[in-house]
Amino acid sequence: MATAHNYRELERDSPKVNVWCALSHTEVIGPFFFAETTINSVTYLDMLEMYAVPQMQQHQPDVIFQQDGAPPHWGMIVRDFLDENFPDR
């Protein structure tokens with residue numbers, strides 16, 4: 001008796017979209033769509049410096065900045081920048 005085999009094709013390296021946004025009780029900042037398919041600490045820091053933090057400055061000192069712990073969030077350049085811009089948090 002022959003045994004049936006099932007298989008499923010998987011697409012590798014499919015197109016990806018990386019998006020960032022910030023949520024508050026009064027507004028949404030973003031979305032910000034990254035042009036790069038892979039985000040590293042340098043790319044993430046560029047977005048923070050040029051896009052996100054300037055928009056959040058108007059809400060200081062009430063901003064509490066939280067991240068989900070993705071690898072780009074842990075780069076020393078990112079952590080140093082956030083420490084400077086969100087002190088005592």
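I began with what covers the buried residues of H1, and I found that the cover includes strand S1 (19-23), strand S2 (28-33) and helix H2 (76-85). I note here that I am working with a predicted model.

Next I listed the buried residues of H1, which are Ser41, Thr43, Tyr44, Leu45, Met47, Leu48, Ala52, Val53 and Met56. I picked out Thr43 from helix H1 and looked up its accessibility: the relative value is 14%, and because buried means under 20%, Thr43 counts as buried. Setting aside neighbours within four places in sequence, I found Thr43 in contact with Phe34 and Glu36.

I then looked at the course of the helix itself. H1 covers residues 41-56, 16 residues in total, yet its end C-alpha atoms are only 20 Å apart, whereas a straight helix at 1.5 Å a residue would reach 22 Å. Looking along H1, I found a kink of about 45°, and it is centred on Leu48. At the start of H1, I noted that a side-chain oxygen of Asn40 comes to within 3.0 Å of the backbone nitrogen of Val42.

I turned to the strands. S1 and S2 are joined by a hairpin through four residues, and they pair in the antiparallel sense over four bridges. I looked up one partner in particular, and Ala22 has Ile29 in S2 as its bridge partner. Which residues of S1 are on its covered face, and which on its uncovered one? I found Trp20 and Ala22 on the covered face, while Val19, Cys21 and Leu23 make up the uncovered one.

Trp20 lies in strand S1 and Tyr51 in helix H1, so the pair ties together parts that are 31 residues apart in sequence. Trp20 counts as buried, at 10% relative accessibility, whereas Tyr51 is partly exposed, with a relative accessible area of 22%.

Phe32 counts as partly exposed, at 22% relative accessibility. Finally, I noted that Trp20, Phe32, Phe34 and Tyr51 form one aromatic cluster.

Note on methods: Residues are numbered from 1 along each chain as its sequence is written. This is a predicted model: local features need pLDDT of at least 70, side-chain atom pairs count only at pLDDT 80 or more; totals for chains, interfaces and linings use all residues. Side-chain values use heavy atoms; hydrogens and water are left out. Helices (H or I, at least four residues) and strands (E, at least two) are DSSP runs, numbered from the N terminus. The expected span of a helix is 1.5 Å times one less than its number of residues. The bend at a residue is the angle between axes fitted to the seven residues ending there and the seven starting there. Buried means under 20% relative accessible area, exposed over 50%, partly exposed in between (1.4 Å probe, protein chains only). Contact means heavy atoms within 4.5 Å. A polar contact is a pair of N or O atoms within 3.5 Å; within protein, one must be able to donate a hydrogen and the other to accept it, and residues adjacent in sequence count only if both atoms are side-chain atoms. Two strands pair if DSSP finds at least two bridges between them. Rings of Phe, Tyr and Trp (its six-membered ring) pair if their centres lie within 6.5 Å; planes under 30 degrees apart count as stacked, over 60 as edge-to-face and the rest as tilted.
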